[in-house]
Every structure is written in structure tokens, then in C-alpha cells.
Amino acid sequence: MKKGDIIEGVIEEYSFPNRGSFFHKEEKKEPSGEKVVETITRKVTVKGALPGQTVKARVKKKKEGKADAILIDVVKGSPMETKKPLCNHFYSCGGCTYQTIAYTNQLKLKEQMVKDILAPVIPSIDSKSDDQDDSFKWEGILGSPSQFRYRNKMEFTFGDEEKDGPLTLGLHRQYSSHDILGIDSCAIVNPVWNEILKYTQKFYRKLGVPHYNKRTHTGVLRNLVIRQSETDGSIIVNLVTTTHHSIDETTRNIPWNEKRSETVDELQLPQYVAGLLSIGEPKPVGLDAYTSHGYEKINTKKKIVRDTRGKLQRVNGSFEDNVGNGEFESLSYYNRIVGVLYTECDTLADAIVPDTVTLLYGEDFLMEEVLGLKFKISPFSFFQTNTKGSEVLYTKAREYALEAIGGDDKDGKTGIIYDLYSGTGTIAQLMAPVADKVYGIEIIEEAVEAAKENAKLNKLSNCEFIAGDVLKKLDEVEEKPDLIILDPPRDGVNPKALQKILSYGVDHMVYISCKPTSLARDLEIFEANGYQPVKGCSVDMFPNTQHVETVVLLERRTMEKQ
């Protein structure tokens with residue numbers, strides 16, 4: 001076996017995230033080629049293959065006893081694949097690899113992956129284990145209320161499907177970090193988004209505006225971010241571009257309040273927004289409102305609605321009636337554009353790190369409702385991408401928290417609760433009725449501002465939200481916690497922050513994880529410091545994909561138990 005070889009095998013093992021493997025036997029013969037002198041067996045890992053599939057793969061990397069390979073063809077489907085994919089892009093995109101699997105089997109597959117990852121840390125999670133310790137209760141996996149059309153936010157990328165091809169707007173092609181697949185029927189978002197994508201691609205393809213090339217750091221168009229409220233159907237569209245055709249140290253170091261984008265004129269933003277709001281209208285809308293709103297003064301500081309320090313401000317002025325209402329008449333009133341944003345982003349990273357954000361039309365926020373609470377969602381603040389699924393997740397997290405404090409929301413109150421990595425403050429506000437005080441700490445300042453507004457909106461006076469890094473900001477909170485709830489990013493809790501969290505010595509913690517491997521790593525540290533998991537379950541927030549959330553209730557062992 002050597003790099004580039006095409007090999008075939010049946011996927012025998014499967015692990016998170018979306019990695020299948022099979023064993024490949026390689027025979028070494030004597031120089032005459034007649035006698036086999038050695039048989040080498042290697043475990044070949046293939047990303048994107050499903051259990052039971054017969055696959056062809058190209059060897060990418062070879063190690064002693066192992067190899068990594070790239071999937072190039074599925075020779076025979078898995079016995080688990082009993083459905084036809086709903087999405088036209090299934091075989092090219094690779095984002096929803098479970099579409100051909102019945103949903104009940106998707107849940108079984110995800111649950112088993114989580115259990116396999118956590119078993120070394122929690123032996124009793126697996127019924128096949130000889131460990132008879134019954135101190136941990138695994139509660140299975142909870143499904144999403146919707147299996148399709150559930151995403152409320154998606155970042156689409158400008159690029160080309162092949163080198164120097166026409167401008168394309170969509171998602172990365174499977175196994176490629178450069179080729180962009182044009183999307184017109186994504187199965188996990190609202191169908192109306194397809195109309196927005198098609199219009200935007202056509203508009204800028206006709207103008208000839210180049211896409212940003214992350215290898216050469218040249219070009220203009222970067223992303224189109226669409227966000228929609230599950231509650232009332234409101235849509236916000238955010239166009240993301242560079243400020244100059246070529247990004248270098250000179251252009252990147254221009255202060256945000258002095259930067260004048262050389263790309264603004266060629267983007268024809270007034271015409272773009274007018275056309276966007278005209279989708280479904282019988283004839284194009286006028287542009288009068290743009291000049292009356294003061295858009296020609298884009299050189300001025302009035303255009304800035306968010307600077308690098310996170311300050312968000314509304315652009316003065318409003319649009320006249322003849323600009324269009326953003327409603328898609330072919331569908332229901334539920335689908336309507338309520339805001340259009342323009343974001344300038346000159347980071348070299350493959351991420352949206354806004355330098356400035358301009359409100360071109362309407363509102364710069366959406367409203368959502370989760371478990372009876374209202375939430376104002378700003379453009380860059382974190383909010384679960386599956387709104388109805390988040391209700392399942394947060395209900396379970398609240399259940400564990402209430403069990404930890406020994407009551408429900410009708411009984412008395414526990415003391416101080418810390419909600420760390422709090423986002424827009426969803427969990428903090430759900431726990432507010434049973435706490436004397438809830439402190440939420442979140443590094444994204446915009447999310448913290450939204451959390452404060454949300455608490456006022458929900459008439460909650462015992463929530464305090466702090467902007468900054470958890471490790472640094474914990475020392476600023478004088479009141480010590482009685483319960484800690486953790487909902488960290490995919491990489492888990494910062495090791496230094498984790499030690500600080502452990503030092504409080506609270507009796508219970510609730511850990512919400514979107515990456516089970518990070519959870520397993522952190523649980524080892526918890527156990528080494530006297531905490532044991534007593535309950536846990538998974539929640540499927542991302543149907544048809546390999547991703548899964550897990551919630552665990554931790555309890556500090558008493559001296560007698562230790």
C-alpha cells in the first residue's frame with residue numbers, strides 16, 4: 001500500500017465524527033512473486049462512510065498498522081440506508097450524510113457513538129460492561145421535533161465550482177475546502193432561502209464582482225448569512241465582503257473608523273437590496289428611499305452599526321413604502337425579509353470576523369420564543385440553530401438543574417447560579433425563577449447586550465450578564481455559586497478556566513456539550529477532582545448530520561463516598 005492507491009472494503013467500525021473504518025490486508029511476496037512471505041493488516045479510516053457500506057477509497061496517509069483514506073465511491077449501500085435523499089445535492093455536498101437512514105436508526109447510531117466515547121470515563125454507560133456500578137443513569141437520546149427545514153441560520157460562501165469558473169454561491173463541496181457547490185434545494189433550511197441565494201448569485205455574477213480567494217487573499221464577495229425566526233418567520237440577510245480587492249497588512253491595519261471601502265460602489269448595494277425585497281413582487285421596486293435614507297453618505301460614520309469593540313447602533317432613517325415589503329408572495333406571510341445588513345470583513349481566517357456592519361434596510365435583530373420566554377437575536381450572537389430542538393435540549397438541562405437543587409420552579413429558590421458560556425442568556429433566564437441570582441458570562445459582547453435586553457423583555461430582574469472570557473471574569477463575581485451550568489464551545493472548557501470552576505466546590509454542575517470527545521476529556525478532569533456523572537442523555541439538534549448534543553449532571557462525591 002502506498003499513497004494514492006485505490007482500495008476497497010466494507011465499513012466494519014464507525015465512530016464520531018462520521019468516521020468509518022475497515023481492515024485491509026496487504027500481502028508481501030518474495031522477489032519471484034510466487035510465495036507470500038508476510039501479510040500486513042491495516043485499519044483504514046474513511047471520513048463520510050456509513051456502517052455496512054462497501055466503499056472505494058484513495059489512500060491519503062499511511063502509518064504503521066493504520067491508514068487514512070478519502071472516500072471516492074460507494075460500491076454498495078449500507079443495510080441501514082433505506083431512504084432516498086430529499087436533497088438534490090446529497091451526493092455532492094456531504095453535509096447531511098444520514099439522509100438515507102431512517103430517523104429512528106439515526107438516533108440509535110448517534111446514541112451508540114456517544115456511549116462509545118464516554119464508556120472509558122463512565123464504564124456503566126454501556127450495558128455490555130461488567131462494571132456493576134449503578135450510580136450513573138443513561139437516559140438515552142431525545143429526537144428533534146423536525147428532521148428537515150429546521151435550521152434558523154446558515155452561512156453560505158461565494159466561490160466557484162471549478163477553478164476560474166463562474167461565480168457560485170452555496171456550500172463547500174464534499175472533501176474540498178475550495179470548491180463551492182451552488183445550492184438551490186438545501187433540505188435542512190426553509191425553501192424560500194433558495195430564492196434569496198439564486199437572486200444574489202445572479203445579481204453579482206452579472207456585475208462580475210469577484211469572490212474572495214482565501215489562498216491569494218484577493219477578491220471581494222465572501223459570505224451570505226441568512227437567519228430566520230422560527231417564531232414569526234422574519235428573515236435577516238447579511239452580505240459579507242472584503243473592503244479591498246487585495247487584503248494585505250496595509251489594508252488590514254486601517255482603523256475601522258477611517259476605513260473607506262473601495263468595493264462599495266461596485267457592489268451596487270441599493271440596487272441589490274431593492275431587488276432582494278422585490279422577490280415575489282409583480283414589478284421592481286423603486287430606489288428613492290435609499291437617497292432619502294442617506295445611503296449616499298456611506299463615507300461617514302453614520303454607516304457604522306457595529307465596530308470592532310462590539311458596539312451596535314442603528315443607522316438613522318427609514319425606507320419608504322415603495323422599496324418593497326420583503327414578503328415572498330408565492331409563499332405565506334410567514335416568510336418576509338425584515339432586515340438587510342452589509343458586513344465588511346478583512347480577516348485572513350476562514351471565518352466572519354466583522355470590522356463594520358451597516359444596516360441597509362429594516363431591523364438588525366430577530367425575535368424568537370423558547371419555552372415561553374422571548375429572545376432578541378442580534379446578527380452575530382449565538383443562538384441554537386434548531387429552535388424547536390433547543391426547547392428539548394433546554395428542558396432536559398433545566399430538569400437536571402432542578403433535580404440538583406432539589407425542587408421545581410414552583411418551590412422556593414436556591415442561591416446563586418452561574419451560567420458559563422451563556423450566549424444570549426437562554427439558560428440563565430430559564431433558571432431565573434428558581435434562583436436568588438443568576439450570573440451569565442459570555443465572551444461575545446453583542447450576545448451579552450442581547451441577553452440584558454432579553455432579561456428586561458422577560459421581566460427578570462435577578463439576571464446579571466457579564467461580557468468577557470470566563471477565566472478572567474469569574475474573579476470579578478463576588479457572590480460564589482451554589483450551582484454551575486456549563487455550555488462551552490465545541491472544544492470544551494479552557495483547562496485553566498476548568499480548574500477555576502472546580503475550585504468553587506459546588507455540589508452539582510450541569511454540562512451541555514456539542515462535541516462528545518471534548519465532553520469525555522473534561523469528564524476525566526472532573527472525576528479526578530472529585531466529581532462523578534450521575535445522569536446523562538443525548539439530544540439530536542442536527543438531524544441528518546453526524547452532530548449531537550449531550551447533557552450530563554455531575555455530583556461532587558462526599559468524603560464517605562471517596
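What share of the 562 residues in the protein chain is buried?

1. **Overall picture.** Buried residues make up 55% of the 562 residues. The model is a predicted one. The protein chain holds 13 helices and 23 strands. Consider the contacts with a separation of 6 or more: residues 24 or more positions apart account for 65% of them.

2. **The eight-strand sheet.** An open sheet is formed by eight strands. Their order is β7-β22-β23-β21-β20-β17-β18-β19, and the pairing is mixed. The edges are taken by β7 and β19 (463–467). Each has a single partner strand, so one side of each is left without a neighbour in the sheet. On average, neighbouring strands here are turned by 15° against each other, direction ignored.

3. **The β18 to β19 pairing.** Strand β18 (residues 435–442) and β19 run parallel. Five bridges join them. In one of these strands, β19, phenylalanine 465 is the bridge partner of glycine 440.

4. **Helix α13 over the sheet.** Which strands does α13 lie across? They are β20 (483–486), β21 (508–513), β22 (531–539) and β23 (549–556). The helix runs at about 160° to β21.

5. **Helix α12 against α13.** Two packed helices are described by the angle between their axes and the distance between the axes. For α12 (residues 495–502) and α13 (residues 516–528), the angle is about 35° and the axes are 11 Å apart. The crossing is right-handed. On the α12 side, the contact involves Leu498, Gln499 and Leu502. On the α13 side, the partners are Asp522, Ile525 and Phe526. By class, the residues of this contact divide into four nonpolar, one polar and one charged.

6. **Aspartate 346.** This residue lies in the loop between β13 (336–344) and β14 (356–362). Is aspartate 346 buried or exposed? Its relative accessibility is 4%, so aspartate 346 counts as buried; the cut-off for buried is under 20%. The side chain of aspartate 346 makes a polar contact with the side chain of threonine 243, at 2.5 Å.

7. **A cis peptide bond.** Phenylalanine 16 and proline 17 are joined by a cis peptide bond. Omega is about -5°. Proline 17 sits in the loop between β2 (13–15) and β3 (19–29).

8. **Arginine 149.** The backbone deserves a look here. Arginine 149 has a positive phi of about 55°, although it is not a glycine. The residue is in the loop between β7 (137–142) and β8 (153–160). With a relative accessible area of 35%, arginine 149 is partly exposed.

9. **Histidine 217.** What is phi of histidine 217 near? The value is near 60°, positive in a residue other than glycine. Histidine 217 lies in the loop between α3 (192–207) and β11 (221–228). Its relative accessible area is 22%, so histidine 217 is partly exposed. The buried class needs a value under 20%.

Key:
Residues are numbered from 1 along each chain as its sequence is written. This is a predicted model: local features need pLDDT of at least 70, side-chain atom pairs count only at pLDDT 80 or more; totals for chains, interfaces and linings use all residues. Side-chain values use heavy atoms; hydrogens and water are left out. Helices (H or I, at least four residues) and strands (E, at least two) are DSSP runs, numbered from the N terminus. Buried means under 20% relative accessible area, exposed over 50%, partly exposed in between (1.4 Å probe, protein chains only). A polar contact is a pair of N or O atoms within 3.5 Å; within protein, one must be able to donate a hydrogen and the other to accept it, and residues adjacent in sequence count only if both atoms are side-chain atoms. Axes are lines fitted to C-alpha atoms, for helices over the stretch in contact, and angles run from 0 to 180 degrees between N-to-C directions. A crossing is left-handed if the near helix is turned anticlockwise from the far one by less than a right angle, and right-handed if clockwise. Contact means heavy atoms within 4.5 Å. Ala, Val, Leu, Ile, Met, Phe, Trp, Tyr, Cys and Pro count as nonpolar, Asp, Glu, Lys and Arg as charged, and the others, Gly among them, as polar. Two strands pair if DSSP finds at least two bridges between them.
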